[in-house]
Amino acid sequence: MSGRNGPNDREQRARERERIRQFREQQILNAIAQQVNRRANPNPNNNNFNNNNNNANNNNNNGNNNQGAMNNAEGQQNPSNRVVNVVVRNANGEVHSRYHAPVGTPGGGSGACKRKSTSYGPESVECWASSEIEQETFAFLWTLKNFSAFQGADEIKSPCFKGGPKSNHSWQLKMSPRKKVEDTEYFSVHLILFSFGDGDVSASRKVKVRFQISLVDPDGKSNKQAGSPTMNVCEFKRLSVWGYDKFITTAELFNPVRRLVEDDTLKIHCRVWIEGELKHTSGLGGMAKESQSPEEVKLRRMELLSQDMKSVLDSNAFADVALSTKTKTFLAHKSVLAARSRVFQAMFHSEMVESTQNAVEISDFEDDVVKAMLEYMYAGETPALSEKAPDLMQIAEKYELMGLKEDCEHAIAANLTIENAAEVLVLAHLHSATKLKPKVIEFINRNKEEVRKTDAFTQVAQANAAVFVDLYLSQK
């Protein structure tokens, strides 16, 4: 035999080396793809994924050069098409080869990662609804001790048990230890609706029920069962019986391997599901909330503007004028006051003291009235309107705040009484409250006998006789 290798041997060894190289490169690629998957889909409980990754690492340890290549492998995830671009380098850092591989799931599959779609969710529709059948559920455990003593009985019924937090019906289990069906002995078990919880004895009333009967072994596990929460509905009338004639053969029941009867004891477990009423719920979806009417959009914008302007007043930022009462000073902005009131506008556009000294004296109104006026001028509303409406109507007339004055008239009209009607009529007359005055006159005419008996009417009529001319004329 010659000691030199022939051409065929060299070619064979070259092919073998190439095959090994390709095999190891594929292992490297798999290991890198698994690392990318782990980052994209973290799942510390996925043992298969971890074991596969460890196997890939162990296999790579068989080749020193390829171990170096693995340590120098680079991977980059392309989120658009879920492809890993892999560059494999050798131990010297030189590019050895490049790959493009799809990213699989942590379990080893090659499918792309699933993303939750919102195209059909509640946020994508104008309105939504859901329907649900209410369901009551309860369970009962019947333990039969000295079970061998029951073997001669045709049937045995359990004590009554109540179930269902709403219905509270009474139920029974019935078992036949040796029911013969077609020459075979079976252990049969049935569920009985003994009575309705409200005492109804009508023959036509029904309840829709699903149930599951199980035999429990000494370890507390279900070793034989029939029925389920998804079975066909059984319609129970009073004293109706539903169950299983061929639940289990007696031979299988007493089979020691099954351990259903141990220490001469058998345990029967029954869970019941009672169907209730059909309930519907509905609401507006995300699209409906976004699709507001022009009026709603306008109202929302006004609310936001009101909030922003109120914060400007509260913060005193960039304030350039002071409004002073006898006891307090309020900072404000000339531009806002001038835009809201022609009186303030005239002050600040002239060489008046208020303009040159940036100060306005308001000594004829209380602090809370001036504060409420400023709140209205900035935010378009004030919480003091209902309580301070008469005073606010007067300051509104002084500074020509027509919107505030009109709101005050409506607030006062809404609180007219027999006792204050005469005083309100004088107030409306003195301050030219054109919307309030007709309403007061109408109110007094409807209740003139009661109003005339009040002390306020006598006092006001004597001091302001001219005010009641309109009242007299309205009665003609």
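Me: In which helix do phenylalanine 344 and phenylalanine 348 both lie?
Reply: Phenylalanine 344 and phenylalanine 348 are 4 residues apart, about one turn of the helix. The model is predicted: local features need pLDDT of at least 70, side-chain atom pairs count only at pLDDT 80 or more, and totals for chains, interfaces and linings use all residues. Residues are numbered from 1 along each chain as its sequence is written, and side-chain values use heavy atoms, leaving out hydrogens and water.

Me: Is phenylalanine 236 buried or exposed?
Reply: Buried means under 20% relative accessible area, exposed over 50%, and partly exposed in between (1.4 Å probe, protein chains only). Phenylalanine 211, at 1% relative accessibility, counts as buried. The relative accessible area of phenylalanine 236 is 0%, so this residue is buried.

Me: Which class of pair do the rings of phenylalanine 344 and phenylalanine 348 form?
Reply: Phenylalanine 344 and phenylalanine 348 are both buried. Their ring centres are 6.1 Å apart and their planes lie at 20 degrees, so the pair is stacked.

Me: Over the face of which residue does arginine 205 lie?
Reply: A charge sits over a ring if NZ of Lys or CZ of Arg is within 6 Å of the ring centre and within 35 degrees of the ring normal. Lysine 224 has its charged end over the ring of phenylalanine 247, 5.7 Å from the centre. For arginine 205 the distance from the ring centre is 4.2 Å, and the ring is that of phenylalanine 196.

Me: Which strand gives the most to the lining of the largest pocket?
Reply: A pocket is an open set of points on a 1 Å grid over the protein atoms alone where a 1.4 Å probe fits, with protein on both sides within 12 Å along at least five of seven lines; lining residues have an atom within 4 Å of a point. The largest pocket is lined by 14 residues, with Glu136, Ile274, Glu275, Gly276 and Glu277 nearest its centre. Strand S4 (127-145), S9 and strand S13 (265-284) each supply at least two of the lining residues. The biggest share, 4 residues, comes from S13.

Me: What is the relative accessibility of aspartate 264?
Reply: Aspartate 264 is not a glycine, yet its phi is positive, near 55 degrees. This residue lies in the loop between helix H4 (250-253) and S13. Aspartate 264 counts as partly exposed, its relative accessibility being 27%.

Me: Between which helices is the loop that holds serine 432?
Reply: Serine 432, also not a glycine, has a positive phi of about 50 degrees. At 47% relative accessibility, serine 432 counts as partly exposed. Its loop runs between helix H13 (421-430) and helix H14 (436-446).

Key: Phe/Tyr/Trp six-rings, centres within 6.5 Å; stacked < 30°, edge-to-face > 60°.
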